[in-house]
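I opened my notebook for a first look around this structure. Here is what I looked up, entry by entry.

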Amino acid sequence: MRISSGMIYDAGVSAINKQASDLLHMQQQLATGKRVLTPADDPVASANALDVTQSVGMTKQYTTAQDNADSALGFTESQLQSATDLLTQVRTLAVQAGNATLTNTDRQSIATQLRSSFDQLMGIANSKDASGQYVFAGYMGNTTPFSGSVESGVSYFGDDGQRLLQVSPSQQIAVSDSGNSVFNRVPTGDGTFSVTYTPTNSGTAVVSSQSMVNPANWSNVSNSGNLEIQFWTDPATNNTYYDLTDVSVNPPVSLFTGTSSTAGGVGNTYTHAYGPGNPINFSGLAAPYTDLGASVTISGTPASGDSFRVQSSTSQSMFDTLRNLVSALERPVSSTSGSGMTMLTNDIAVSINNLDQASQNILTVRAKIGARLTEMDALRSVNESVSLQYQQVLSNLQDVDYTKTISDLTRTQTQLQAAQQSFVKVANLSLFNYITT
């Protein structure tokens, strides 16, 4: 085989270029810390690294969503904390207003403070988050959820939706609560039943306390949830008796006898003597009522014909509770011992019960928010672990082995130098070197 000078030059230059290219490639690997610089370096590793990189990007997006959820829930929690503090202040004022030594002017001053509290509560209910969305408007984040005043009442213009964020591949989390669930749907009374006086009462009886011993009994199908404690005074002895009646039917039925309620004479159903401060137990009843599991304590002296309505709890907004309390305090009372003061005392007692339920309702919502925040912490911990695993996989696929690459670089550098030096020697081989003049 004949070897031409051109072939020698081409082969030498090609070998040198190949060694130089390899040397440059290894230098770039060491400079970047990456073994795979182009897909051609390792097609399989490149494809796997692309999948892992996409997964890393998705994990970062979920982490951002979790941070946004944390921010939204944290802001909502702060607003509910403000509402809790406000309701505590209102309850303190309500207790203060129940002092019989206060004058109408004193109660009017407290009512003025409560009007200010009403406005503050409206401000909390209409608060906006950092993005300008109303927090308690449900899905309708651009709509002012609450509007109204002490005189006209408050209307809700949002909906019952909860805004959701996708915080993991398979999980969404609620980052808002509707104004209805927070401020409007507050159970009355103790959450199971409520006790209110009849406006026509003329005695001085007031509700001291109420308790639910067995909620399951109260939920018995025989209980209409529309009862009355009715009082009758025997004119001969001046002793007062009471009857517990079901007023959902006409005529009302005595729960003690199972017959139509009657006062005095033959067939009297007012068989239980009333004692101020003694519990009225809803037990020992005629079939099918038997035991409704409740107890009500009334103090003071009821007039004959006075009554108290005992009903299953319904829903009432916090704003209505404040409105009713303001209205009661702004109503003049002419005597500290008359029916006007009795009505005021009963109104304040009802308001305090409803304020306690409002605080409990907010506490329930806050507990749910706390559970979501805990869930976010758990998801964030999972994301951190997954991200660490992804980084480890990417490192195994892409990162350079410094020991091996430096060794290869040194060897290639030596080979390049040898190729360059040998090329000089070979390039000098020419017949012209033997031509003498």
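**Entry 1: a strand with several partners.** I began with strand β8 (residues 226–233), which is joined to β9 by seven bridges, the two running antiparallel. For my own record, strands are DSSP runs of E with at least two residues, helices are runs of H or I with at least four, and both are numbered from the N terminus. Two strands pair if DSSP finds at least two bridges between them. I found L227 bridged to D246 in β9. The hairpin of β8 and β9 has six residues between the strands, and N238 there takes a positive phi near 65°.

A note on the source: this is a predicted model, where local features need pLDDT of at least 70 and side-chain atom pairs count only at pLDDT 80 or more, while totals for chains, interfaces and linings use all residues. Residues are numbered from 1 along each chain as its sequence is written, and side-chain values use heavy atoms, with hydrogens and water left out.

Next I followed β9 to its other partners. With strand β10 (residues 253–254), β9 pairs in the antiparallel sense over two bridges, and D246 stands opposite V253. This is also a hairpin, with six residues between β9 and β10. Strand β11 (residues 272–273) pairs with β9 over two bridges too, again antiparallel, and Y241 has A273 as its bridge partner.

How covered is strand β9 (residues 240–246)? Six of its seven residues are buried (under 20% relative accessible area with a 1.4 Å probe, protein chains only; exposed is over 50%, partly exposed in between).

**Entry 2: an open sheet.** I then looked at three strands in the order β7-β13-β12, an open sheet with antiparallel pairing. Its edge strands are β7 (206–212) and β12 (279–281), each pairing on one side only. Between β12 and β13 (residues 294–299) I noted three bridges, and I280 has V296 as its partner.

Entry 3: I picked L93, which sits in helix α2 (residues 43–97). Is L93 buried or exposed? It counts as buried because its relative accessibility is 11%. Leaving aside residues up to four places away in sequence, L93 touches I110, Q113 and L114 (contact means heavy atoms within 4.5 Å). I also checked I352: its C-alpha atom is 10.0 Å from that of L93, although the two are 259 residues apart along the chain.
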